[in-house]
Amino acid sequence: MKVGIIGLTLQAAPRIINNPAVMLRGLTFAPEAKAANDAAKTLRRQGVRAIVAVIHEGGDPAKDDYNGCADVTGPIMSIAREMTDDIAVVVSGHSHQAYNCTVDGKVVRSA
């Protein structure tokens, strides 16, 4: 089975990178879910059937229950909801908090 891995940067990258005028010249930054969905569409056309998105964005669980999304807040939750169902797994980070749950049929976990 062909597996596709989509690596995503943050739309906010230009605001958090030192000297963006030099480092980011010629680059554009779309909303994360849109970029993921565009990449997933391309991968599906190439026959990829299992798609994983890796993104440096995270969430914060409200309690120490790492297996569930009910109390997880943060940007990754809305980004995952906006991603196409073609993306099966979202590996996130940034917040350094543990969580392992399912959002709209996608496994969402913290690296």
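Student: Why is Asp-86 called partly exposed?

Tutor: Its relative accessible area is 29%. Buried means under 20%, exposed over 50%, and partly exposed in between, with a 1.4 Å probe and protein chains only. Asp-86 at 29% is therefore partly exposed. This is a predicted model, in which local features need pLDDT of at least 70 and side-chain atom pairs count only at pLDDT 80 or more, while totals for chains, interfaces and linings use all residues. Residues are numbered from 1 along each chain as its sequence is written, and side-chain values use heavy atoms, with hydrogens and water left out.

Student: What makes Arg-44 and Asp-86 a salt bridge?

Tutor: The term requires a side-chain nitrogen of Lys or Arg within 4 Å of a carboxyl oxygen of Asp or Glu. For Arg-44 and Asp-86 the N to O distance is 3.6 Å, so the pair qualifies. Arg-44 lies in helix 3, whereas Asp-86 is in the loop between helix 4 (75–82) and strand 5, so the pair ties together parts 42 residues apart in sequence. Helices (H or I, at least four residues) and strands (E, at least two) are DSSP runs, numbered from the N terminus.

Student: How many salt bridges are there by this rule?

Tutor: The count comes to 3. One of them joins Asp-38 to Lys-34, with the closest N and O atoms 2.7 Å apart.

Student: Why are Asp-38 and Lys-34 separated by about one helical turn?

Tutor: Because they are 4 residues apart in helix 3 (residues 32–45). Asp-38 has a relative accessible area of 40% and is partly exposed; Lys-34, at 45%, is also partly exposed.

Student: What makes Asp-85 and Lys-106 a salt bridge?

Tutor: Their side chains meet at 3.8 Å, N to O, and the limit is 4 Å, so the pair counts. Asp-85 sits in the loop between helix 4 and strand 5, and Lys-106 in strand 7 (residues 106–110), 21 residues apart.

Student: Why is Ile-87 called buried?

Tutor: Ile-87 has 0% relative accessibility, so Ile-87 counts as buried. Ile-87 is found in strand 5 (residues 87–92).

Student: Which residues is Ile-87 in contact with, leaving aside neighbours within four places in sequence?

Tutor: Contact means heavy atoms within 4.5 Å. Ile-87 is in contact with Ile-6, Ala-36, Asn-37, Ala-40, Ile-51, Ala-53 and Lys-106.
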